[in-house]
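Here are some notes for a colleague who has not looked at this structure before. Please read them with the model open alongside.

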Amino acid sequence: MLSVKLESLDLRILRALMEDGRASFRKIAGKLGVSTPTISARVKELEVLGVLDGYRAVVRPEKLGGQTLFIRVRVEQGALRDVVGELSAMEEVRQLHLISRLNLLVRAVFMGVEEMQDFLKWVSGLVGIVEYEDYALLETHKDEFPALIKDGVSLAVDCFYCGKKITEKPIKLRLDDRYHYLCCTSCANLYREKYRKIRDAA
Ligand SMILES: [Zn+2]
């Protein structure tokens, strides 16, 4: 459920950072016509909300001689969790998505044909696999970041106290110059109390 509307400044900050993750707050502030502290406060908030999940370098696997493979894996009823665990643990698996109730889409990268064949052999031998189909990546015509930053997008936020997805309008508590999001008044009260205790102890 989507609940928190992102403000247009937030959207513009996200776009600026997606374009250049190394851009300084000062540079972004200049570009967007706001103060540097405003950018730094909004970025901190977006990090707390989990919208901004990190800053990484974009390294092209093909430049390192890697061959990318997409694999659709169909699992048996009840085997999903185990198969996900096995696949996630492999470093060659770079992305793993559930695309239907029993189908996973794997994006994996290999340094050589032998390594790729070994991997597929291992996949076919996994307990809980019904079948798989693999496709070697031949050409990439577009490769953008997964997030699409459009005006008016909302944000799914988990309650800072109970951790459940907030489905109604969230309660925003401003504590120490920062917003904290809670799902209901009882979580808000408990959170405020917990927050005060932690702060007093510090
Ligand atoms: Zn809650």
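This is a predicted model: local features need pLDDT of at least 70, side-chain atom pairs count only at pLDDT 80 or more; totals for chains, interfaces and linings use all residues.

Which residue of strand 4 does Val73 stand opposite? The residue is Leu104.

1. The pairing of strand 2 and strand 4. Strand 2 covers residues 67–75 and strand 4 covers residues 103–110. The two are paired in the antiparallel sense, and eight bridges hold the pairing. Besides Val73 and Leu104, Ile71 can be located by its bridge partner in strand 4, Val106.

2. The pairing of strand 2 and strand 5. Strand 2 is also joined to strand 5, here by seven bridges, and these strands again run antiparallel. Phe70 has Tyr135 of strand 5 as its bridge partner.

3. Ser124. This residue is found in helix 5. Is Ser124 buried or exposed? Ser124 has 11 other C-beta atoms within 10 Å, and a residue counts as exposed at 12 or fewer, so Ser124 is exposed. Leaving aside residues up to four places away in sequence, Ser124 touches Ile129 and Tyr132. Between Ser124 and Gly112 there are 19 Å in space, C-alpha to C-alpha, for a separation of twelve residues in sequence.

4. The nonpolar cores. Eleven residues make up the largest nonpolar core, including Val157, Phe160, Ile166, Leu182 and Tyr191. Strand 8 (178–182) and helix 6 (185–201) each supply at least two residues of this core. Helix 6 gives the largest share, three residues. Another core lies apart from this one and has nine residues, among them Val73, Val83, Leu87 and Phe110.

5. The hairpin of strand 7 and strand 8. Five bridges join these two strands, which run antiparallel. The hairpin has two residues between the strands, and Asp176 takes a positive phi near 50°. How many of the five residues of strand 7 are buried? The number is zero, so strand 7 (residues 171–175) lies largely in the open.

6. Tyr179. This residue lies in strand 8. Tyr179 has 14 other C-beta atoms within 10 Å, which makes it partly exposed. Not counting residues up to four places away in sequence, the contacts of Tyr179 are Glu45, Lys172 and Arg174. Tyr179 and Leu49 are 130 residues apart in sequence, with 9.4 Å between their C-alpha atoms.

7. The domains. The chain is divided into domain 1 (1–58), domain 2 (61–136) and domain 3 (157–202). The C-alpha centres of domain 2 and domain 3 are 39 Å apart.

8. The chain overall. There are six helices and eight strands, and along the sequence they follow the pattern β-α-α-α-β-α-β-β-α-β-β-β-β-α. The chain has a radius of gyration of 22 Å, well over the 17 Å that the globule rule gives for 202 residues, so the chain is more spread out than a compact globule. Taken along the principal axes, the C-alpha atoms fill a box of roughly 55 × 40 × 35 Å. Of the 202 residues, 13% count as buried. Among contacts with a separation of 6 or more, 56% are accounted for by residues 24 or more positions apart.

Methods. Residues are numbered from 1 along each chain as its sequence is written. A nonpolar core is a set of buried Ala, Val, Leu, Ile, Met, Phe, Trp, Tyr and Cys residues joined through C-beta atoms within 7 Å. A residue is buried if 20 or more other C-beta atoms lie within 10 Å of its own, exposed if 12 or fewer, and partly exposed in between; C-beta atoms are placed from the backbone. Helices (H or I, at least four residues) and strands (E, at least two) are DSSP runs, numbered from the N terminus. Domain bounds come from an automatic or database domain assignment. Two residues are in contact if their C-beta atoms, placed from the backbone, lie within 7 Å. Two strands pair if DSSP finds at least two bridges between them. The radius of gyration is taken over C-alpha atoms; the globule rule is 2.2 Å times the number of residues to the power 0.38.
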